[in-house]
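Open your viewer and load the model. This tour tells you what to select, stop by stop.

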Amino acid sequence: MTTLRADASRKRRRYDGAWPWLFVLPLLIGVAGFYLWPIIQTAYFSFTTWGVFGGSTWVGGANYAQLFTDPQLYRSLLNTVIYTAIVLLGVPISVWFASLLNTPGLRFAQFYRVLFFLPYVAMPTAISLVWRMIFNGDFGVLNWFLGLFGIDGPYWLTTQWFALIAVSIVGLWSSLGFSMILLGSGLKNIPPELYEAAELDGASRSRQFRSITVPLLTPSIFFVLIVTIISSFQLFDLLYAMLGTHNAVMPKTMSLVFYFYQSGFISNDKGFAAAIAIFIFALIGLITLFQFRFQRRWVHND
């Protein structure tokens, strides 16, 4: 009798185990159809070459051999790394602003949060048009301000390196709001009793920030770093809207994704563009894996 009950219990457990899969099946189909299959298809296309009127021919690793001997790849990679490094400067700035907005009793705190978050939800094209006027070399606000101090400002968007710096500044500015929202959520999880105890011990605000806020906020900081690096390596729309395709400095300022766009949609070399896409995918994956591998050394997990 006991054996029959045990067998029935096992059958029910096996039957119940299928229900979770049934509920997540629509999601799995969507992920497989819209994420996994395009990756597999792009990986296959990276080993082919395409004619003008369609049709692919298997060429093996010829696209990758051409890619890794193309100087434009390394130039685009350098530009992307520089852009990412500048945008990452916004992370400590976001930590500081988020801690200020989390100050108890601060008036209009919600208004300030919305104000900082607006650039993130605004259309990149609209943001780019505003910043193009600010960076205009002839009548831009920035050069006018520099002129007040006797500084002759450059033509920001048409000069090598200055164009990349200008785009990076806009990327940093537009990412602050999203980072502050994530960090603000992490700050709410820090027990206020820790600050009260530190204040009773005579710790200053700066000491509390260094010894309590930053260490306990490292899980949120780690997540912000992951998201910021991934989004920065996907730089395209901001660069496209601010500089355009006919800008003389674009070949020396383009990002990896713009390099992919130029190869696939302007030069119409779809197989080579697929190889660039797989390279970007693998690079982001390796960087993310590296971050997860070493996050144990500095992320507070308790």
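How many positive and how many negative side chains does the protein chain have, and how far apart do the centres of the two sets lie? There are 19 positive and 12 negative side chains, and the two centres are 10 Å apart. Lys and Arg count as positive, Asp and Glu as negative, while His and the chain ends are left out. Each charge is placed at NZ of Lys, CZ of Arg, CG of Asp or CD of Glu.

Before you go on, note that this is a predicted model: local features need pLDDT of at least 70, side-chain atom pairs count only at pLDDT 80 or more, and totals for chains, interfaces and linings use all residues. Residues are numbered from 1 along each chain as its sequence is written, and side-chain values use heavy atoms, with hydrogens and water left out.

**Stop 1: the whole chain**

Show the cartoon. The protein chain has 15 helices and 2 strands. These are DSSP runs, numbered from the N terminus: helices are H or I with at least four residues, strands are E with at least two. Along its principal axes it spans about 95 × 70 × 30 Å. The radius of gyration is 25 Å, whereas a compact globule of 302 residues would be near 19 Å. That radius is taken over C-alpha atoms, and the globule rule is 2.2 Å times the number of residues to the power 0.38.

Of the 302 residues, 34% count as buried. Buried means under 20% relative accessible area, exposed over 50%, and partly exposed in between (1.4 Å probe, protein chains only).

**Stop 2: helix H6**

Select residues 109-121. Helix H6 has 13 residues and reaches 19 Å from its first C-alpha to its last, close to the expected 18 Å. The expected span is 1.5 Å times one less than the number of residues. Colour Ala109, Arg113 and Pro119: these H6 residues are buried. The buried residues of H6 pack against H5 (90-101), H7 (124-134) and H9 (162-188). Contact here means heavy atoms within 4.5 Å.

**Stop 3**

Select Thr213, in helix H11 (residues 205-232). Why does Thr213 count as buried? Because its relative accessibility is 4%. Leaving out residues up to four places away in sequence, Thr213 touches Leu187, Ile190, Tyr195 and Gln208.

Next, pick Ala241 in helix H12 (residues 237-243). Ala241 is buried too, with a relative accessible area of 15%. Ala241 touches Thr125, Ser128 and Arg132, again not counting residues up to four places away. Draw a line from Ala241 to Arg132: they are 109 residues apart in sequence, yet 9.0 Å apart in space, C-alpha to C-alpha.

**Stop 4: Arg75 and Trp161**

Select Arg75 in helix H4 (residues 71-88). Arg75 is partly exposed at 22% relative accessible area. Beyond its neighbours within four places in sequence, Arg75 is in contact with Gln160, Trp161, Pro251 and Lys252.

Click on Trp161, in the loop between H8 (141-147) and H9. Trp161 is partly exposed, at 37% relative accessibility. Trp161 has a positive phi of about 70°, although it is not a glycine. Most residues other than glycine have a negative phi.

**Stop 5: Asn268**

Finish at the loop between H14 (256-266) and H15 (270-294), where Asn268 sits. Phi of Asn268 is positive as well, near 60°. Asn268 is partly exposed, with a relative accessible area of 30%.
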